[in-house]
Amino acid sequence: MRKHFPGSIQAVHVSHLAARRNSGECVADGNPEIFKKDRSTMEPEELVEREMADRDGELSSEIGGWDDVRGVLQTMVSRDAFQRWFGAARWLGVEDDVASIAVPGEIHQVWIETNYLPELTMAVTGIFDDVRDVRVVVSEDTAVSNESPDGAVVHQISSPARPTKAAALEGEALDRRTKAAGLNPAHTFASFVVGANSQFAHAACESVATKTGIGYNPLFIYGGPGLGKTHLMQAIGHEILRRQPGSRVIYLTCEKFTNEFIDAIRKGDIEKFRRRYRSSDVLLIDDVQFLGGKDRSQEEFFHTFNTLLDGRNQVVLTCDRPACEIKSLEPRLISRFECGLTVEMQPPLMETRMAILKKKAMDWKVRVDESILTFLAEKIRTNVRRLEGALMRVATYASLAGESVTVEKVEHLLKDLIREEASRQVSIDSIQKAVAEHFDVRLADMTSRRRPASIAFPRQIAMYLSRSLTKGSLMEIGEAFGGRDHGTVIHACKKVGERITDEPGLKESIARIESQLRR
């Protein structure tokens, strides 16, 4: 049965054949007497003729309903999407409350199931009240529709194709779309632990996902490895697909983009490659620093980037450093990466590391003593991925060994991670070198007795960072800076702390130096 929605959905089309049937006229072999007879008095040949006429009438009515479905679909998807994916789609009929829609090829079937199945299901069930589900099947014999002189659409229905499995539930359909987009199901906003190190980046990503960050295009997220850049980027994709199921979201690494581009050139499929990425609504590119030094790939990415931004489609990029620090990257790409919103992710503080460990322990349903969590948070400070891996190793050991885990056992179990983490700890020497490079002074000036402001203040910043990033005592820091006493170090830290409060630009510069040191 078809539903009628006067005023909101166009009136249901009834074919000339069905109209004749409703009026009692003949619709089978030109014999009007068939519909006037009772079935019990009919000859076998007449019964067959009557059944064929009934099926023709029902099919004609369903075809009129399919016209209504198409009309509704045109209000739910873009004109280009409708013409491209539904223009050749045909109605096959309903069986066991499942409607079958025929499409000419597998690419139509996969794309509709991946991107537009909720819209198609909503449109069909809104017109046909006896339909509970919709499936898309491939039929090579699907006929092309033609328009009659009066503009009415005349459909030629082919023989039913062998149906594929019924469409999944809406939640499962969403899972398929996220998988097709290349997204990790675990990387959502709900599973991300927000700390002071990631609060700004998290807010920016949520704004992009909810379309409130209108000017955040592109969104450029940078920071060291294992800090959650990929997690937040993919969370944007998840949220957009949840809110707008028909959106074309694509996530991939920059390395994969480059490899696919090279492969497309080799196979002569460059136009197909361009259509795939330049027609996306949201393009998420991870580790964009790999574009550096690849001239042909940069050229292709430049034009893809421009096409998407010109069409007001969202681009999100992640990188391990600011765009201006990517080596061998064309200036025109740098300027475009910086024309939107740039946010930095920094290593998590102790409180955030503890929150991450507690949430993971709860998600994994494992019990770990608070002292063990504290030990892990203190020893592994710069990489959230490594922190989670350490917790997994401890939890697995406790489960398999069947015994209580002590801090001593954990230290032995994780000795390789702890050694690796310790080797990455910032030293006073590395701080002096990083500050000298940032402020364009000689490394020797860090320990010299020269006192012009252009040298003295960078030296004070290096002392300030040495105090906050290393375990060196005031005496050890002073000694490393040319044999200065502990009072000089205290004065330097106080001076820098005061200026950070008054000068936001200085705070940003120091944060950038610190981020570089922790990579």
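Helix α19 is largely enclosed by the rest of the structure, because 12 of its 17 residues are buried. Buried means under 20% relative accessible area, exposed means over 50%, and partly exposed lies in between (1.4 Å probe, protein chains only). Among the buried residues of α19 are Ile455, Phe457, Arg459, Met463 and Leu469. The helix covers residues 453-469; at 1.5 Å a residue it should span 24 Å, and its end C-alpha atoms are 24 Å apart, which agrees. The expected span is 1.5 Å times one less than the number of residues. Helices (H or I, at least four residues) and strands (E, at least two) are DSSP runs, numbered from the N terminus.

This is a predicted model, in which local features need pLDDT of at least 70 and side-chain atom pairs count only at pLDDT 80 or more, while totals for chains, interfaces and linings use all residues. Residues are numbered from 1 along each chain as its sequence is written, and side-chain values use heavy atoms, with hydrogens and water left out.

**The sheet**

Three strands form an open sheet in the order β1-β2-β3, with mixed pairing. β1 (90-95) and β3 (133-138) are at the edges with a single partner strand each, so one side of each has no neighbour in the sheet. Two strands pair if DSSP finds at least two bridges between them. β1 and β2 (residues 98-103) run antiparallel and are joined by five bridges; Trp91 stands opposite Ile101 in β2.

Two helices lie across the sheet strands. Helix α4 (residues 106-115) lies across β2 and β3, at about 155° to β3. Helix α5 (residues 117-127) lies across β1, β2 and β3, at about 120° to β3. Contact means heavy atoms within 4.5 Å. Axes are lines fitted to C-alpha atoms, for helices over the stretch in contact, and angles run from 0 to 180 degrees between N-to-C directions.

**Salt bridges**

The whole structure has 20 salt bridges. A salt bridge is a side-chain nitrogen of Lys or Arg within 4 Å of a carboxyl oxygen of Asp or Glu.

| Pair | Closest N and O atoms |
|---|---|
| Arg243 and Glu239 | 2.8 Å |
| Glu260 and Lys256 | 3.9 Å |
| Arg278 and Glu300 | 2.9 Å |

Arg243 and Glu239 lie four residues apart in helix α8 (residues 229-243), about one turn of the helix. Arg243 is partly exposed, at 46% relative accessible area, whereas Glu239 is buried, at 15%. Arg278 is partly exposed at 22% relative accessibility, and Glu300 is buried at 3%. Glu271, Arg274, Arg278 and Glu300 are linked in a network of salt bridges.
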